[in-house]
Amino acid sequence: MRVLLVEDSETLRHSIGVALKKSGYALDVAADGDDGLWRAQSSLYDVIVLDVMLPGLDGLSLLRRLRAGGSSTHVLLLTALDAVESRVVGLQAGADDYLVKPFAVEELLARVDALCRRAYGTKAPRIVVGDLEIDTASKAVRRAGQPIQLKPREYQLLEYLARRAGEVVTRKEIEEHIYDDRIDPMSNVVDSAVSSLRKRIGGPTRATLIHTRHGLGYVLTASEGGEE
Amino acid sequence: MTSLRSQLIRTFVLGAAVLLALGGGAVYLLTRRALIGQFDTALRAKALAVSVATEQDGDRITIDGSERLTRPGDRRAADVFQLRQADGRSLLRSESLNGMDLVSAAGATEPYYWDMTLPGGVPGRAIALQFHLRPSGERDERPLEDADAVTLVLGSDRRELDRTLQTLGLMLVGTGLTLLAAVVTAVPRLLKSTMRPLDRLGRQAAGMTARKLSARFSTDVPRELAPITGGLNDLLSRLEQSFDRERRFSSDLAHELRTPVAELRTMAEVALRWPEAREDRTDHATLAIARRMEGIVSRLLALLRSEDGQLEIAREPLALGPLLTDIWRPFAPKAAAKAQSVVWLMKPDGDVVTDPVLLRSIVTNLMENAVNYTPDGGTISIATAVSATRFDIEVTNTVADVTADDVSRFFDRMWRRDTSRTSAEHSGLGLPLARSFARALGGDLEASLGDGGDLTLRLTLVESGDIGRSVDCDDADRSGARSGDV
């Protein structure tokens, strides 16, 4: 899942960035409203974590412009203003959720996770594909009841494929949702990551769940045969 | 609690009762006096008629027509009389007296009247009249002698008079009680109607809260209440402004503190959950946040101390020019880096007497703001004017995008033009603190926007030893507010 964090406090930017990355999110950051709007309009994000009071273009103006441009990306507002009117104004501007500073990092992560689930039309934190189970809340993966340890980026890739289980997911989409803007577009990082993930969740005795569609991308499914 | 309405009702009713009692009493007494006067006049006329009709024939004294004069009326008893010589010997009396004497004061030559009881216990009124007896049937030319003087005492039934007075008294009491009842009934209603605007005022006041201070009392009130509603509305305006300022301050302060608290909490939680992600910058950031919060708290405390008049003022002679150039020194490199022109206008320069620590704090803030907010290539002008009793320091600088509304809020606590409050170097307390220090020194700090878009901050200080609490300038006890950290 790819997240954009727009926050003017360098300390918060760093801390929240660490928390999101460690939780398996691909993260881009912006320190002011203008940069935030440019990034939000240039890339696809699953969730935008947006501070309200920003230098330059403020958070609410950014959000309104984003919505006016037709964007439906889920937005979590962060603000020090806790008055009911402030929350109402934020939600009316098009925000999906609202978090008042100071907040618990766990709560921020839970809200970002909930917004990611909503982005893919599900509310339950559990995704099941065949004998594969993914708990998106605890980031735990089991196959045939056996826990599987994944690196954050691997988990991120698996969750993204699982959320779109049965659909062909292109390399471009994987790049946009799993990797931040520092990835080299010419690299074969996606193929390597898929290959690595296959090994982790597969093994010699288990059926392949991630199938390759040449020229198209990858599909995660339990019922379909196909190329590895 | 005393009720104004009850008090007014009590006063009105008591006042009406007293007035009615006094008025009724006066009417009764005056009427009584007049009626008794009339009665006495009639009695005297009757006595004079008796005296004229009295004749002496030797030892025999007769009253011609006495039966007619003293006969009883329809509702009154017969009059009684007695004729006595000067020595008190009775010459003649009514038969109805049955030998009883009609007592009168002896020796009185003028007629006089008194109340008495007639035979049969009938209340009466009497007159004593002195006259001289004349022989019957002839005109005696000899001069009258005192020895001939006799006193006629004539008593008359006064029950009719008493009945009239009693009727009058009852009428007055009845009328008074009726009027009093009317007052008791009417006054509360009248007061209720008259005091309706006050009730309305009370209801309006009861409906006002700290959150609804924009409401105002109606000005459609009786003339007597107009000064009250006008005064209350003025007070509400001042309260509203004050509450707005305090609300903005609380909100700004909350925001100013929420962000560093959020930073500390997030850093701590991330460090605890992912210890491997901990970096040196985390500790530096923690220290910077702690210092920033410490700075906010110190400035707030200094501001509170200053506003509460708890600052200790230590005045001493200072050379203003060297002091200002010394304060400017640390800012000069930044001004040069921003290609800012600095113009010094110090005429006449001279010594001033003031608190050096507070003055340094104020001027440091003005110069720091000027350097920070003057755009690159702009101009900063520092001017002084010293007179015998006061001195002014003006810092004028080029500004960009500063509005008159911004200037009006410069001295609001925690106000920052940058609503995002991103910069950790400022907290919006510098100028309020500088003004508070200026006022503690008996002066003031004002901001104004010139026609050319230049911003001027003018510090005016008086050189009076009477303002503030002066202490020995060598006093080493410099409180936290005197650290010069503006």
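## Cavities in the model

The model is predicted. It holds 2 cavities of 30 Å³ or more.

## The largest cavity

The largest cavity has a volume of about 60 Å³. Its lining draws on chain A through A:His14, A:Ser15 and A:Val18, and on chain B through B:Met267, B:Val270, B:Ala271, B:Ala277, B:Arg278 and B:Thr282. Two elements give two or more residues to this lining: α1 (10–22) of chain A and α5 (226–273) of chain B.

By residue class, the lining of the largest cavity has 5 nonpolar, 3 polar and 1 charged.

## The second largest cavity

The residues that line it are B:Pro197, B:Arg200, B:Leu201, B:Gln204, B:Ser218, B:Asp220 and B:Val221. They divide into 3 nonpolar, 2 polar and 2 charged.

B:Gln82 belongs to strand β3 (residues 80–85) of chain B. Is this residue buried or exposed? B:Gln82 has a relative accessible area of 0%, so it counts as buried, the cut-off being under 20%.

The side chain of B:Gln82 makes a polar contact of 2.7 Å with the side chain of B:Asp101. Beyond its neighbours within four places in sequence, B:Gln82 also touches B:Ser90, B:Leu92, B:Arg93, B:Leu97, B:Met100 and B:Leu102, along with B:Thr151, B:Leu152 and B:Val153; B:Asp101 is again among its contacts.

Notes: Residues are numbered from 1 along each chain as its sequence is written. Chains are lettered from A and ligands numbered from 1 in the order in which they are written. This is a predicted model: local features need pLDDT of at least 70, side-chain atom pairs count only at pLDDT 80 or more; totals for chains, interfaces and linings use all residues. Side-chain values use heavy atoms; hydrogens and water are left out. On a 1 Å grid over the protein atoms alone, a cavity is a set of points where a 1.4 Å probe fits but cannot get out, and a pocket is an open set with protein on both sides within 12 Å along at least five of seven lines; lining residues have an atom within 4 Å of a point. Grid points are joined across faces, edges and corners, and a volume is the space filled by probe spheres set on the points. Helices (H or I, at least four residues) and strands (E, at least two) are DSSP runs, numbered from the N terminus. Ala, Val, Leu, Ile, Met, Phe, Trp, Tyr, Cys and Pro count as nonpolar, Asp, Glu, Lys and Arg as charged, and the others, Gly among them, as polar. Buried means under 20% relative accessible area, exposed over 50%, partly exposed in between (1.4 Å probe, protein chains only). A polar contact is a pair of N or O atoms within 3.5 Å; within protein, one must be able to donate a hydrogen and the other to accept it, and residues adjacent in sequence count only if both atoms are side-chain atoms. Contact means heavy atoms within 4.5 Å.
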